[in-house]
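User: Please go through this structure with me in questions and answers. I am new to it.

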Amino acid sequence: MERLWGLLQRAQQLSPRSSQTVYQRVEGPRKRHLEEEEEDGEEGAETLAHFCPMELRGPEPLGSRPRQPNLIPWAAAGRRAAPYLVLTALLIFTGAFLLGYVAFRGSCQACGDSVLVVSEDVNYEPDLDFHRGTLYWSDLQAMFLQFLGEGRLEDTIRQTSLRERVAGSAGMAALTQDIRAALSRQKLDHVWTDTHYVGLQFPDPAHPNTLHWVDEAGKVGEQLPLEDPDVYCPYSAIGNVTGELVYAHYGRPEDLQDLRAGGVDPAGRLLLVRVGMISFAQKVTTAQDFGAQGVLIYPEPVDFSQDPPKPSLSSQQAVYGHVHLGTGDPYTPGFPSFNQTQFPPVASSGLPSIPAQPISADIASRLLRKLKGPVAPQEWQGSLLGSPYHLGPGPGLQLVVNNHRTSTPINNIFGCIEGHSEPDHYVVIGAQRDAWGPGAAKSAVGTAILLELVRTFSSMVSNGFRPRRSLLFISWDGGDFGSVGSTEWLEGYLSVLHLKAVVYVSLDNAVLGDDKFHAKTSPLLTSLIESVLKQVDSPNHSGQTLYEQVVFTNPSWDAEVIRPLPMDSSAYSFTAFVGVPAVEFSFMEDDQAYPFLHTKEDTYENLHKVLQGRLPAVAQAVAQLAGQLLIRLSHDRLLPLDFGRYGDVVLRHIGNLNEFSGDLKARGLTLQWVYSARGDYIRAAEKLRQEIYSSEERDERLTRMYNVRIMRVEFYFLSQYVSPADSPFRHIFMGRGDHTLGALLDHLRLLRSNSSGTPGATSSTGFQESRFRRQLALLTWTLQGAANALSGDVWNIDNNF
């Protein structure tokens, strides 16, 4: 204050005549202009109490007005000090504003961009007024729920399930046109289709598949009727095989190992296996690996719900399923089928070399009655016989498969809402459109939810919602043949999509019950799913959210909900092939499979009965879950992907590797490289988290840079040391091949089963040190590469490798 008073006195001495600018109210037509007057300091000058329109006027010439005597020197000095006081007040205000900004930023990370609503939809209800200001997460959530309609879902499911939509059929062509027209009527920026010419396998009506008894002399005898000649296994090997029958439970590797341990060798025989646990393709591949001649697959009634109020699968029904251990067109592996004549004739390594055929429970019961040999374990028993199941062998059978391959055009349908800040980053949501039978649960539910989400987001766009990133809605064709449509699209745009696709959300198999909820997903999405589950009401537990329903059963919610992505999901190729995090939601029956999936009894009526009238509510819960996930992924400034989660995944897998550290040490080998790479990844993830936390949130350049690093984390786990054409599923945790962590663990287990038990001993079927070193290098350097990439620029990489 003393310094300020000294400055004021000096200013008074240097300025014998005070001159000061004041602002006066201006009325009439000169409003909004400011008037400047020069006047001498005088006592009693009026101070403005509020802001009003002003006009600025230049100073008058010196001497134009009579000088007023300076009656009170301290008043004039006070007026001269006013600018300093204003400056001090501004500094205090700025400091308070910055403190408030920091506090607000820490408490509202999820709010993201604000959205100004500029128009009103005809269906908009006035009780939620979005025109009063900016929209944050709660506003967008309310807008989304306002437009989401429950009634449309049920009607679309019913209508879609009544339409023929086998891939390549005339009915599918008509449905394709209808869905494209429906998308074109919405407020989308782009609508288009792409066509692929793929090799699909169908039964031959002139030469149906057959099953006959064969006597001990090898003579073909009575034919066992296959009730529905339309039921078959696409991509089965063609031809006829003969062999004794053996019962092999679910046909898993452990089942065949137990069978062999029980004295029944599956080699050279036909295997009878149950539907479930693993895919048809995995069952046939496993049987082939154990030397079996062929596979018969039947639905065991005990595996499905026995609840009398709920419908059950007819004993005359067989279950459809493809047997290609892979995805996409198996006759152009690794390449898109836009024009297959461009590529040399080649077949996927996932095509089986043995035939497979589905049969009904009635036919299976006839076969089981003929089996002799050891009694099957208790957990292998079923309900088809009044007596225990036996393992076999039984009498001989001849299986004849005459399926034929046809070049078939399939069409994927696309609709896009362009983002305003990152339009080149896509949040993708898709659903299978085709179905072998009615496909109510298989694809009608997903198609209905997809169309409803398109309509809902279109209404939001009409009301001013502008997503930061682009939303891409896709209806897939060829899904029943192994996600053919989605995989061919990924193969066609492989060099683009790993740079631009942020997340894929699958709506396939979304409603198979209503008791349990599962999310088959990448670890990157786990935290976001947890957050959204807390926002969605349970469809069958009133007053509870889905999250509360889950933790009521199991406090460890992720152990209850999270599952790995299966190969038969369209989401699998996005993650394991392209490196895009993906999720597929499913409501399931409690500990029982939905009995009608992939059968001609998968009708709207049966699905409605299984859910006891709750189908609309469950379908809407999936729509709410998927929709709110899309809002967060497309709207948040910073992508809500938990890149630190993979550190926990690696740690969990390393726990499995530790079991073999002693065996490896005895051979002079070590896993230290993997441990170091894992540590580098965790440090890189933590460093990125700290960078983001301390950065300026509104810096668009930084935000985009961080988002690019985050969205590519999944891609970093694709091994860059193997060819996509030879090993398409390059993901080291979810893929298939020698480069994966699973293959390394399987190889290490051979250390315990090595017959010689001596260091350095190898065989074609035992542990091989050279192969182990290569596997370890592939795993380690992929993990190390992920850590380096997450660190950002090369000068920021700091590791102890």
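This is a predicted model: local features need pLDDT of at least 70, side-chain atom pairs count only at pLDDT 80 or more; totals for chains, interfaces and linings use all residues.

Analyst: Residues are numbered from 1 along each chain as its sequence is written, and side-chain values use heavy atoms, with hydrogens and water left out.

User: How many aromatic pairs are there?

Analyst: Rings of Phe, Tyr and Trp (its six-membered ring) pair if their centres lie within 6.5 Å; planes under 30 degrees apart count as stacked, over 60 as edge-to-face and the rest as tilted. By this rule the count is 29 aromatic pairs.

User: Why is the pair of Phe 202 and Phe 481 put in its class?

Analyst: The ring centres of Phe 202 and Phe 481 are 5.6 Å apart. Their planes stand at 65°, so the pair is edge-to-face.

User: How many residues apart in sequence are the parts that this pair ties together?

Analyst: Helices (H or I, at least four residues) and strands (E, at least two) are DSSP runs, numbered from the N terminus. Phe 202 belongs to strand S3 (residues 190-202). Phe 481 is in the loop between strand S13 (469-476) and helix H10 (484-492), so the pair links parts that are 279 residues apart.

User: Is Trp 489 buried or exposed?

Analyst: Buried means under 20% relative accessible area, exposed over 50%, and partly exposed in between (1.4 Å probe, protein chains only). Trp 489 has 6% relative accessibility, so this residue counts as buried.

User: Where do the buried residues of helix H13 lie around its axis?

Analyst: In H13 (residues 546-553) the buried residues are Leu 546, Tyr 547, Gln 549 and Val 550. The arc is taken from the directions from the helix axis to the C-beta atoms. Seen down the axis, these residues fall within an arc of 160°, so they line one face of the helix.

User: Which residues have the most contacts inside the largest nonpolar core?

Analyst: A nonpolar core is a set of buried Ala, Val, Leu, Ile, Met, Phe, Trp, Tyr and Cys residues joined through side-chain atoms within 4.5 Å. The largest one has 206 residues. Those with the most contacts inside it are Leu 367, Phe 457, Phe 473, Phe 643 and Tyr 681.

User: How many disulfides does the count give?

Analyst: A disulfide is a pair of cysteine sulfur atoms within 2.5 Å. Cys 233 is buried at a relative accessible area of 0%, and Cys 416 is buried at 8%. The count of disulfides comes to zero.
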